Amino acid sequence: MRMLEKLAQRWDVSKSEVLRRAIRIAAIDGGCGDGAAVSALDRLQASLRSRKVNLVQWERDLKAERRATAQRLAPRTP
């Protein structure tokens, strides 16, 4: 989680975007088969469960982050 948050800060993107980029890179780089992607998702979910991550709060934070990003990127009219 810390690495995810650090990358999000470094790249100035949401944590979801970091995950999307990581998955895209893994698919291109490692010849990732269908089973590997599912396996990676299973490991991520198991890791979150073992760390007792509050997924409800994570979802709230993610939605707030997306709203803030949308507002930041929205064109401003005078």
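Here are some notes on the structure above, arranged as numbered points.

1. **What kind of model this is.** This is a predicted model, in which local features need pLDDT of at least 70 and side-chain atom pairs count only at pLDDT 80 or more, while totals for chains, interfaces and linings use all residues. Residues are numbered from 1 along each chain as its sequence is written, and side-chain values use heavy atoms, with hydrogens and water left out.

2. **Overall fold.** The protein has 4 helices and 0 strands, giving the pattern α-α-α-α along the sequence. Helices here (H or I, at least four residues) and strands (E, at least two) are DSSP runs, numbered from the N terminus.

3. Of the 78 residues, 13% count as buried; buried means under 20% relative accessible area, exposed over 50%, and partly exposed in between (1.4 Å probe, protein chains only). The accessible surface comes to about 6600 Å², and 56% of that belongs to carbon and sulfur atoms. These areas come from the Shrake-Rupley method with a 1.4 Å probe, and for residues only the protein chains shown count as cover. There are 17 positive and 9 negative charges, with mean positions 5 Å apart. Lys and Arg count as positive, Asp and Glu as negative, and His and the chain ends are not counted; each charge is placed at NZ of Lys, CZ of Arg, CG of Asp or CD of Glu.

4. **The nonpolar core.** Which residues make up the largest nonpolar core? Its 5 residues are L4, A8, V18, L48 and W58. A nonpolar core is a set of buried Ala, Val, Leu, Ile, Met, Phe, Trp, Tyr and Cys residues joined through side-chain atoms within 4.5 Å.

5. W58 sits in helix 4 and is buried, at 16% relative accessibility. Leaving aside neighbours within four places in sequence, W58 is in contact (heavy atoms within 4.5 Å) with M1, L4, K15, L48 and V53. L48, with residues up to four places away not counted, touches M1, V53, L55 and W58. W58 and R20 are 38 residues apart in sequence and 17 Å apart in space, C-alpha to C-alpha.

6. **Two residues of helix 2.** Is S16 buried or exposed? S16, which lies in helix 2, counts as buried at 12% relative accessibility. Apart from its neighbours within four places in sequence, S16 is in contact with L62 and R66. I23 is also placed in helix 2, but I23 counts as exposed at 59%. Between I23 and L41 there are 10.0 Å from C-alpha to C-alpha, and they are 18 residues apart in sequence.

7. Most residues other than glycine have a negative phi. D12, which is not a glycine, has a positive phi of about 55°, and K52 has a positive phi near 55°. D12 lies in the loop between helix 1 (2-11) and helix 2 (15-29) and is exposed, with a relative accessible area of 54%. K52 is in the loop between helix 3 (34-50) and helix 4 (55-73), and counts as exposed at 72% relative accessibility.
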